[in-house]
Amino acid sequence: MSLFHALLLEQHVVVVSDSTALLTLTLEALTSLLYPLRLACFYLPVLPASMMPCVGARRSFVVGVTRQAALAWYDVLDCFTVLDIDSGSFTPAPSQKRLP
């Protein structure tokens, strides 16, 4: 439920996987769960490794990154909501707001 809360509150959400196809399918499924609402934040199903510095932006986003890119930027990801598809782990952001 915390992942859904992060999406509703338009927080920084990073989804990690080895498979780019799985990243795309997962993020499309997550955004369709919000119907009839739409994401107003930056949405990119597969963020290229060369664009990983953009993850430090203040604007909220929902992005998918490959495991290789995530490992290279591991220290940056600790302040975001992170869903690891392959291992099934979920780490909420330390500052994630609670819904009433």
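## Exercises on a predicted model

Pro36 sits in the loop that joins α2 (20-33) to β2 (42-44); helices (H or I, at least four residues) and strands (E, at least two) are DSSP runs numbered from the N terminus. This is a predicted model, where local features need pLDDT of at least 70, side-chain atom pairs count only at pLDDT 80 or more, and totals for chains, interfaces and linings use all residues. Residues are numbered from 1 along each chain as its sequence is written, and side-chain values use heavy atoms, with hydrogens and water left out.

**Exercise 1.** Find out whether the peptide bond from Tyr35 to Pro36 is cis or trans.

*Solution.* Start with omega, which is near 15° for this bond. The bond is therefore cis, while most peptide bonds are trans.

**Exercise 2.** Locate Glu10 and describe its phi.

*Solution.* First, go to the loop between α1 (2-8) and β1 (13-17), where Glu10 is found. Next, read its phi: about 50°, a positive value although Glu10 is not a glycine. Most residues other than glycine have a negative phi.

**Exercise 3.** Work out which helix gives the most to the lining of the largest pocket.

*Solution.* List the contributors of at least two residues each: α3 (67-72), α4 (74-77), β4 (81-84) and β5 (89-91). Among these, α3 gives the most, with three residues. The lining includes Arg67, Tyr74 and Phe80.

How values were computed:
On a 1 Å grid over the protein atoms alone, a cavity is a set of points where a 1.4 Å probe fits but cannot get out, and a pocket is an open set with protein on both sides within 12 Å along at least five of seven lines; lining residues have an atom within 4 Å of a point.
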